[in-house]
Amino acid sequence: MKGPFVRITTTIAAAAALGATAVPALALENEFHGMFRVRGIVSNLDDYRSAFFDATDSSGIAKPLKNPGTRSFIEQRARLLYTAKANDDLKLLTHFEIDSRWGDSSYAVGRNQGGAIGADSVNLETKNVYLDFNIPSTPLNVKVGIQPFVDSLKGVFVNADAAGALATARFASGEAAAGYFRFNDTLPAGSTTPGKATRDFFVVDGKYSLSKDTRIGASYYGVLDDRSAGFKNQIHTIGVNAATTVGPATIDGFLAYQTGEVGSSEQDLQAFSANVGTKVKAGIGTARANFLYISGDGNPAGGTRNDFQTIGSPGTENNFFAAETLLLLPHKTSLNTYRGIIWDLNNRSQGVIGGFIGYDANLTDKLFASANAGFAATAKNNGNKPAGSSGSQYLGTEISGEVGYKLFSNLTASVQGGYVFLGDYFKGTAVDDPGKDPEDPYTARIVLSYLF
Amino acid sequence: MKKRIVMGTAALVIALAVGTYAEEQATGRDTIDKDVCLLYSKDCANQVDSIQKKVQKLRTEIDKGGKVYTPEELRTLNQKLRETERLIDELLYRNGGN
């Protein structure tokens, strides 16, 4: 009995030892990160919606208004990011979101609610689910699935979550990417055949470092949209971008040209967008400035379209967060409330001319503040302007600021405030008091933000 | 007699131990032996870094430069830093939709 017992014991010990050594190689690393932000808002524009300033709201009341009333509410958002990491070369990323406005509804089924007494709502949104892996013995990284994508034009064309595949080859001096996304695959009424009415998106993007301080890039984005019967939209966007550091200053920008065909009458597309921005370390903080141009069209029904096409529908899937404005353009920290004088950068085919300056100061290790100013105008006015609008293209000027305090390294409390002096574009356009000017938009927000 | 000596010694040992424990509690000595993970959820061996801590650690390692890492390793660290910063942007900031 002794012999077999020893052999069995030895075998078990060997298996255990083998298992012990194998554990690190087989172990799946579970990584959780997330964000929680709550905002208390008092404003005559913010209203837990995502829309243009002069859009008609859910109650049928059109903006702009001379007496918009004061809205006061609290909204919150949590984001949970779970990564199942097999190893450094293979991981699955999932990203979820839960939004509510305090007191909105309970025991409900649907997104962006569940903040009323009782809570208990089915309100979990899935933002991203994608596989991220490196192909062995190559410089290639591949992301496949519903993933975030932002263009190399600071997001003015597209900054969205979308389903697709993106392959990126990384080299010592740069990277090159190619990808395909299916934005939409609508089944027309009565059809059960996928792939017949689609909006597809193609990406070719490259970046090259000329030196440690200077980088240049070029990109092509193609949109083929045949969701409408009888015609196909083709939007080809070619862009160049660059960034350089000179002493305390960083300068970056882009230039993009669009061509193609849009609309049922197959209008020729010729449109532009451009930006130049800078950040300069100065004193206890950083000064920044940005200029943005998005071309518009005075007559979108004409033979040629000159308004820069942006990705949207049903919402807006583009933005220019470098502006750092709270009301002229929506702010990057916006939650469900996502309002702006210019909500979508196509701006109803009128385009944008904007200039923005600001200063971010670190007053102490924990206390920070920022001040901003910006102006905006349409690049061209057209029939989409509000009824009664004068010929002015001037949309308005914003002054805004923020003061914040880091309670912990990952918990920040801040107060934001902004005011827009509406321009003559809106003069005499109040819909609740014809011929009168609408009230200037303002917002005051208390923000608590936790990141882990 | 032996039994009494053993019991007396045991009582003395217990009394000394209790006294020492009480004194440690009062003075805060020997904190190195305290389980701060259990007490304060701090320094847990199996804890996951917060995303800010991850960025901080990556920057610290990158700053060590060529004296510690090969160029290839530095590229890997820089790539991980960019990816982590991108994740922070995705968590904190809005992108598309509602």
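A salt bridge, as I use the term today, is a side-chain nitrogen of Lys or Arg within 4 Å of a carboxyl oxygen of Asp or Glu. Keep that in mind for the structure above, which is a predicted model.

In chain B, the side chains of B:Arg75 and B:Glu72 meet in a salt bridge, 2.6 Å from N to O. Both sit in helix H4 of chain B, 3 residues apart, so about one helical turn separates them. In general, an α-helix has 3.6 residues a turn, so residues three or four places apart point the same way. B:Arg75 is partly exposed at 36% relative accessible area, and B:Glu72 is partly exposed at 47%.

B:Glu83 and A:Arg170 form a salt bridge at 4.0 Å, N to O. B:Glu83 belongs to helix H4 of chain B and A:Arg170 to strand E7 of chain A, residues 159–171, so this bridge links two chains. Is B:Glu83 buried or exposed? With 16% relative accessibility, B:Glu83 counts as buried, because the cut-off for buried is under 20%. Over all chains, the search of the whole structure finds 33 salt bridges.

Now chain B as a whole. It has 4 helices and 0 strands. Of its 98 residues, 21% count as buried.

Which residues of helix H3 of chain B are buried? They are B:Ile51, B:Val55, B:Leu58 and B:Ile62. These cover an arc of only 65° around the axis, which puts them on the same side of H3(B). What do they pack against? The buried residues of H3(B) pack against strand E1 (29–43) and strand E21 (442–451) of chain A, together with helix H4 (71–92) of chain B. As for length, the 13 residues of H3(B) should span 18 Å at 1.5 Å a residue, and the end C-alpha atoms are 18 Å apart, which agrees. After H3(B) comes B:Gly65, with a positive phi near 65°.

Last, the surface of chain A. A:Leu90, A:Leu92, A:Val129, A:Leu131 and A:Val144 make a nonpolar patch of about 320 Å². Strands E4 (90–101) and E5 (124–134) of chain A each supply at least two of the patch residues. A:Val144 is found in strand E6 of chain A, residues 140–150, and is partly exposed at 37% relative accessibility.

Terms used: Residues are numbered from 1 along each chain as its sequence is written. Chains are lettered from A and ligands numbered from 1 in the order in which they are written. This is a predicted model: local features need pLDDT of at least 70, side-chain atom pairs count only at pLDDT 80 or more; totals for chains, interfaces and linings use all residues. Side-chain values use heavy atoms; hydrogens and water are left out. Patches are made of residues with over 30% relative accessible area and no salt bridge: like charges are joined within 9 Å, nonpolar side chains (Val, Leu, Ile, Met, Phe, Trp, Tyr) within 5 Å. Accessible areas come from the Shrake-Rupley method with a 1.4 Å probe; for residues, only the protein chains shown count as cover. Buried means under 20% relative accessible area, exposed over 50%, partly exposed in between (1.4 Å probe, protein chains only). The expected span of a helix is 1.5 Å times one less than its number of residues. The arc is that of the directions from the helix axis to the C-beta atoms. Contact means heavy atoms within 4.5 Å.
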